[in-house]
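Please read them with the coordinates open.

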Amino acid sequence: MSRFPDAWSAVRGRPVRFLTSVWPWRALAYVASTLPIGLAWLLVMVVVLGVGVATIVVVAGLFVLAGLPTLAHLAARGERWRIRLVIPGRRGPLAPRDGRRPLSWPEMGVTVLLATLFWLVDAVALVLLTAPVVLLLAPLLVRYDTLEVAGWRVDGTGKAWAAVAVGLVALVLVLYAITALACGQAALVRQLLDPPEARLVEAVAQLRKSRSGLVDAFETERRRIERDLHDGVQQRLVALTMTLGSAELDLPSGPGLELVREAHQQAEQALADLRTTIRGIHPQVLTDHGLAAAVHEIAGRSPVPVHLDLAVEGRLPPAIEAAAYFFVSESLTNVAKHAHARSAQVHAWTSDGTLVVSVVDDGIGGADPQAGTGLAGLRARLDALDGELDVTSPAGGPTQVRMTCQIQ
Amino acid sequence: MPDPVTPLRIVVAEDAALLREGLVRILERAGHEIVAAVADGQALLTYVASTAPDIVITDIRMPPTHTDEGLRAAAIIRAEHPGVAIMLLSAYVADAYVGDLLDSAPGGGIGYLLKDRVGHVRDFLDSVDRVAAGGTVVDGEVVRQLVRRRHADGPLATLTDREREVLALMAEGHTNNAIAGKLFVSEAAVRKHIGNIFAKLPLDPASDRRVSAVLTYLRG
C-alpha cells in the first residue's frame with residue numbers, strides 16, 4: 001500500500017506520489033489527535049499539580065505528586081504508540097507495566113511538550129488547514145453568502161472557481177506543512193524516548209539472538225544430514241559389501257572373481273570415505289553419546305598418545321558440543337602435524353555455567369595463533385556462541401589451546 | 001559355502017531392513033538357523049526369552065532412541081540368559097561400549113565388530129563361530145584405538161612390545177596358528193609368548209586364561 005517506509009521519505013519523494021500516498025492523511029491524523037490528547041494531558045497535569053501543591057502542607061500532596069512519573073509514563077506510552085502513525089516499524093522496548101516507576105526526565109519532557117507546545121502548534125496547523133478547505137467549497141458557499149478569505153472577497157461563480165484553484169494549491173502546501181510538522185514532532189518524541197544508543201543496544205541484542213538461532217539451526221541441519229547419510233547411503237554401502245563378499249565365496253577363481261574383489265575393495269573405500277565425511281559434518285558418536293564419548297574417539301584416532309580428563313556430565317547444547325568436538329579434533333590434528341609432541345592432554349570441565357576445554361602438548365611450541373584455517377574457522381564458530389579461543393605457545397613449548405564457552 | 005562346524009541357532013536384531021536381510025542371507029547360506037530377525041531391542045529380548053538361541057547378533061544403534069538399545073538389550077540378555085553368546089555390531093568405535101561390554105557378568109562369548117567388517121563374509125562367519133564357542137572377538141580397529149590410549153602404569157606395562165602385539169591379535173580373536181602367520185614366527189614362539197603373558201598378568205584363575213588375558217588387555 002505505502003510506497004514509502006515513513007512520512008518523511010514521502011515528503012522528500014515526488015509530489016504526485018506523496019499526495020497519492022497515505023502519508024499526508026496519517027500525518028493529519030497524528031496532528032489532529034494531538035489536539036484533544038494534549039489538552040487532556042494539560043488538564044490532568046494542572047489538576048494533579050494543583051491538588052498536589054495545595055495539599056503538600058498536609059503531606060497528602062506528596063503522594064499525589066509521587067504519581068507524576070507514572071502519569072508521565074502513561075503519556076509517553078501513548079506517544080510511543082502514536083508516533084507510529086508517521087514513523088512505523090517496530091515499537092521501542094516497553095518498560096514493565098506494573099509497579100511504581102522512577103522519575104524519567106525524557107518521559108516528563110514529552111508529557112510537558114504534549115500538554116503545552118505540541119497541541120498549540122498543531123491547533124495553528126489545523127486552523128491553517130481550514131483556509132484551503134473553505135476555498136475548495138467556495139462554489140457551494142457563494143450561493144448563500146460572500147466569502148472573504150485572507151482579505152480576498154469571493155463573490156460570484158467565476159471567482160468561486162478561481163478560489164477552488166487557489167484552494168487546491170493551498171491544500172497541497174498545507175498538507176506538506178502538516179506532514180513535515182508531524183515528522184518533526186514524532187522525531188523529537190522518538191529522540192527523547194528511544195535515543196539512538198538504546199536503539200543500537202536493542203538491535204545488538206536482537207542480532208545476538210538471531211545469530212545464536214542461526215547457529216542452532218545450522219547444527220540441527222548438520223545432524224539431519226548425518227542421520228540421512230547414516231540411514232541411507234551408509235546402510236546401502238554396507239549391504240553392497242555384504243553382497244559382494246557373498247559373491248566372492250561363490251565364484252570360482254578367475255577374472256570374474258578378481259573383478260568382484262576389486263568392486264568389493266572399491267565399495268569399502270567408498271564406505272571409509274563416507275565415514276570420514278560424516279565425521280567432518282557431525283560425528284554419529286557425538287549425536288548419540290555426547291562430548292565425552294566423541295572425544296574418546298578422537299583420542300583413539302590420534303597418532304600422538306592422548307591423556308583424557310573429561311569432567312563433563314550429561315549432554316550440553318548441541319551447538320556447544322559440536323564446537324567443543326571440532327575444537328579438540330582440530331587441536332589434536334595440529335599437535336600431530338606440527339608440535340613434534342610425545343603426548344597430549346585434553347581437559348574438559350564446566351564451572352559456573354561455562355565449558356572449558358584445553359588441549360596441551362609437550363611439543364616444540366612456537367605455534368602461530370593466527371595461522372591455520374582450521375583454528376580460524378573454530379574462532380568464528382566460537383564467536384557465534386560468544387565463546388573464546390586462546391593459544392599460548394612459547395618457543396620450546398608447551399603449547400596450550402583453550403576454549404571457553406558459556407552454556408546458555 | 002563351507003558348512004559350519006556346528007549349525008547355530010541365531011537371533012538377528014538390526015533396524016535397517018537392507019542389512020537385516022543381508023545378515024540373514026549370509027548366515028543362512030553358511031548353514032545357520034535364523035530363529036528370529038527383529039528390528040529393535042524390545043523384540044530382541046522377547047525372542048531371546050522364547051527361542052533360547054546360541055548367539056545373538058545385534059546392532060547397537062536401534063529405535064526408539066537410536067543410541068545404545070542393542071547394548072542395553074545385551075546387558076539384560078547377559079544377566080537373564082548368561083549362556084547366550086552376544087555379537088554386537090556398531091557403525092563406529094565408541095569405547096564406552098567396550099567398557100560396558102567387558103564389565104558385564106561372565107557368560108557366553110562376546111564380540112564387538114564394526115559394521116564394515118560384515119562385508120568380509122568369511123572373516124565375519126569365523127568371528128560368529130568363535131564368539132558362539134565362548135571366545136572374545138573385538139574389532140581390530142577398536143583394539144588399535146584402545147592400545148593407543150593405554151596408561152603407562154597399567155598391568156600391561158610389564159609386557160614386552162612383542163607380547164603386547166601377540167595379545168592384541170588374541171583380542172581380535174585370532175588362533176595361535178593365525179597369530180604365528182601374521183607375525184612371521186613359529187607357532188611354538190607364539191605359545192611361548194602367550195605363556196609369558198599368562199605368567200605376567202594378574203589373571204582370574206576361575207576363568208579361561210586366554211579370555212581373562214584378553215579382558216585384562218582391553219580394560220587396560
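1. In the hairpin formed by β6(A) and β7(A), six residues lie between the strands, and A:Gly396 adopts a positive phi near 95 degrees. This is a predicted model, and the points below should be read with that in mind. Strand β6 (residues 388-392) of chain A pairs with β7(A) in the antiparallel sense through five bridges; A:Val391 has A:Val401 of β7(A) as its bridge partner, while A:Thr392 stands opposite A:Gln400.

2. Strand β7 (residues 399-406) of chain A is also joined to strand β5 (residues 354-361) of chain A, by eight bridges and again in an antiparallel arrangement.

3. Elsewhere in chain A, helix α9 (residues 196-250) packs with helix α10 (residues 255-281) at an angle of about 165 degrees, the two axes being 9 Å apart. Because angles over 145 degrees count as roughly antiparallel, α9(A) is roughly antiparallel to α10(A). The crossing of α9(A) past α10(A) is left-handed, and the residues of the contact comprise 17 nonpolar, six polar and six charged.

4. Helix α9(A) also packs with a helix of chain B, namely α1 (residues 17-29), at an angle of about 15 degrees and with the axes 9 Å apart; α9(A) and α1(B) are therefore roughly parallel to each other. Their crossing is left-handed. Among the residues that make the contact are A:Arg236, A:Met242 and A:Asp250 of α9(A), together with B:Leu19, B:Arg25 and B:Arg29 of α1(B). By class, the contact of α9(A) with α1(B) has seven nonpolar, four polar and four charged residues.

5. Chain B has an open sheet of six strands with parallel pairing, in the order β2-β1-β3-β4-β5-β6. The edges are taken by β2 (33-38) and β6 (136-138) of chain B, and each has a single partner strand, so one side of each is left without a neighbour in the sheet. The twist from one strand to the next averages 15 degrees.

6. Within the sheet of chain B, strand β3 (residues 55-59) and strand β4 (residues 85-90) run parallel and are joined by five bridges, with B:Met87 of β4(B) as the bridge partner of B:Ile57. Helix α5 (residues 121-132) of chain B lies across β3, β4, β5 (110-114) and β6 of chain B, running at about 145 degrees to β4(B).

7. Finally, the unreviewed UniProt entry annotates residues 27-50, 56-76, 110-140 and 160-183 of chain A as "transmembrane region". In the model, residues 110-140 of chain A are 97% helix and 0% strand, with end C-alpha atoms 42 Å apart. Residues 56-76 of chain A are 76% helix and 0% strand, and their end C-alpha atoms lie 26 Å apart.

Definitions and conventions: Residues are numbered from 1 along each chain as its sequence is written. Chains are lettered from A and ligands numbered from 1 in the order in which they are written. This is a predicted model: local features need pLDDT of at least 70, side-chain atom pairs count only at pLDDT 80 or more; totals for chains, interfaces and linings use all residues. Side-chain values use heavy atoms; hydrogens and water are left out. UniProt positions are given in the numbering used here, feature names are shortened, and annotations may be inferred rather than shown by experiment. Helices (H or I, at least four residues) and strands (E, at least two) are DSSP runs, numbered from the N terminus. Two strands pair if DSSP finds at least two bridges between them. Axes are lines fitted to C-alpha atoms, for helices over the stretch in contact, and angles run from 0 to 180 degrees between N-to-C directions. Contact means heavy atoms within 4.5 Å. Angles under 35 degrees count as roughly parallel, over 145 as roughly antiparallel, 65 to 115 as roughly perpendicular and the rest as oblique. A crossing is left-handed if the near helix is turned anticlockwise from the far one by less than a right angle, and right-handed if clockwise. Ala, Val, Leu, Ile, Met, Phe, Trp, Tyr, Cys and Pro count as nonpolar, Asp, Glu, Lys and Arg as charged, and the others, Gly among them, as polar.
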